[in-house]
Amino acid sequence: MNPRNNRLLFALFAVLISVSMVLTACSGAATTAAPAPTSAPAATTAPAATTAPAASGKGLVGIVLPTKNEPRWIQDQARFQAAYAKAGLNAEILFSEGSSATEKANVESLIAKGAKVIILCPQDAAAAAATADAARAAGVKVISYDRLITNTDAVDYYVTFDSMAVGAAQAKYLVDNAKGTGNPLYLYTGAASDNNAFLFFEGAWEVLQPKIADGTFVIKNSSEAVGLKDKPKLTRDEEAKIIGQTTTDWKFDTAKNLAESNLTAAAKTDKGNVYILAPNDGTSRSIADTFAADKDVTKYYITGQDAEEASVQYIIDGKQSMTVLKDTRTLTSDAIAAAIAFLAGSTPPKTTTYNNLKIDVPAKPSEVVTVTKDNVKAAIIDSGYWPAADFKNVP
Ligand code: BGC
């Protein structure tokens, strides 16, 4: 063959190779797209059946949530499923069931399946650092979801609500409903292993502290908080001391037991018309039931957050005073959009940063809404957050 024919043949061969590469890439994209939304795909603790061939592994997003024991995270699961189906993204959700070891195994199994982005809501902020480090070492982007992973530089982005605003909204509700002075105040907080517990309390303290200092409220269940009542800004160590005395560990039983022992220790004069800072809906319902059962408690005001359906019904029934709606539709779609940005090699939008005790992590926090009996219909039902049919006696 003369050199000209050789060149022609070579050119033809090159064209054929390129066409076949394009076809392969297209078929890869097609197989990694999310399956059409079926009725809520099952998310399990054990790795679920893969939704796309693991071989291609392209574009898979792994989502790891802390526990199925709390309705809050079941909400996020359902909203995630809707968000990634809408975005046409291949994703898989696993639950850690309260164990940092399971969380790490979940992340590793998703990376082994080809996940290029992990959206992780840590069970324990500090323990998740090693998991984030392992993901970074594997070239995988880490999005911290709702709770910040601390003590590592391997967090690429933080998708969150404005957690200080959550605490501030809870405290504002109590302040707005208090008259005169000497009102008994009971403080409850989240798990010390969750960075959010600090942010919620910090936000609440900024609003409550002036009203504790001026005598509007008298703290009844934390000697540490009483000792710090004249300090508008607390250090993390000071917050940790108060959390140490008031933690619910995000568990319903722990919350109930603590409320019971606080009420047992309290004198009749420490009861009557009381104000309760409860950190979230699950613990709020436990604490509310406990206070309601005490004959010396004549009235109570109690906070919450998450707009869980059971708490929405409690609000309608007058058993819980307020909740803070953190619209998980927004949070999950922001997380999915951030994952898509990383998959495309770009960076998600940032409006602020959160320090995770190692670096300032870029974030774009979402707003929160206070919900009481007065606006429950508009904020929860008319907004489409939960269907009216799920509740009785909607005002
Ligand atoms: C979340 C809350 C949730 C709590 C307990 C926090 O980190 O922000 O929405 O209620 O954990 O799971």
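Here is a short chat about the predicted model shown above.

Biologist: Hi! What are we looking at, and how many helices and strands does the protein chain have?

Modeller: Hello! This is a predicted model. Its protein chain has 13 helices and 13 strands.

Biologist: What share of the residues counts as buried?

Modeller: The chain has 395 residues, and 44% of them count as buried. Also, among contacts with a separation of 6 or more, 73% join residues 24 or more positions apart.

Biologist: Nice. Which residues surround the ligand?

Modeller: The shell consists of Glu70, Arg72, Asp146, Arg147, Gly190, Asp194, Asn196, Trp250, Asn280, Gln305 and Asp306. By class, six are charged, four are polar and one is nonpolar.

Biologist: And where does the ligand lie relative to domain 1 and domain 2?

Modeller: It lies between them, because both domains give residues to the shell. Domain 1 covers 60-161 + 328-364, while domain 2 covers 163-325 + 371-390.

Biologist: Which way do the residues of β2 point?

Modeller: Ala91, Ile93 and Phe95 point one way, and Glu92 and Leu94 point the other way. All of them are buried, Glu92 included.

Biologist: Who does β2 pair with, and in which sense?

Modeller: Strand β1, residues 61-65, pairs with β2 in the parallel sense over five bridges. In that pairing, isoleucine 63 has isoleucine 93 of β2 as its bridge partner.

Biologist: So how does the chain cross from β1 to β2?

Modeller: The chain goes through helix α2, residues 71-86, and this β-α-β crossover is right-handed.

Biologist: Changing topic: where is lysine 251?

Modeller: Lysine 251 sits in the loop between α8 (236-246) and α9 (252-265). Its C-alpha atom is 8.6 Å from that of glycine 190, although the two are 61 residues apart along the chain.

Biologist: Why does lysine 251 count as partly exposed?

Modeller: Lysine 251 has 18 C-beta neighbours inside 10 Å, so it counts as partly exposed. Being buried would take 20 or more, and being exposed 12 or fewer.

Biologist: Last one: what do β11 and β12 form?

Modeller: They form a hairpin with four residues between the strands. β11 (residues 352-355) and β12 (residues 360-363) pair in the antiparallel sense over four bridges, and threonine 352 stands opposite alanine 363 of β12. In the turn, leucine 357 has a positive phi of about 75°.

Technical notes. Residues numbered from 1 in each chain as written. Predicted model: local features only at pLDDT ≥ 70, side-chain atom pairs only at ≥ 80, totals over all residues. Helix = DSSP H or I, 4+ residues; strand = E, 2+ residues; numbered from the N terminus. Contact = placed C-beta atoms within 7 Å. Near = placed C-beta within 6 Å. Nonpolar A, V, L, I, M, F, W, Y, C, P; charged D, E, K, R; others polar. Domains from an automatic or database assignment. Pairing = 2+ DSSP bridges. Right-handed = clockwise from strand over helix to strand, strands pointing away.
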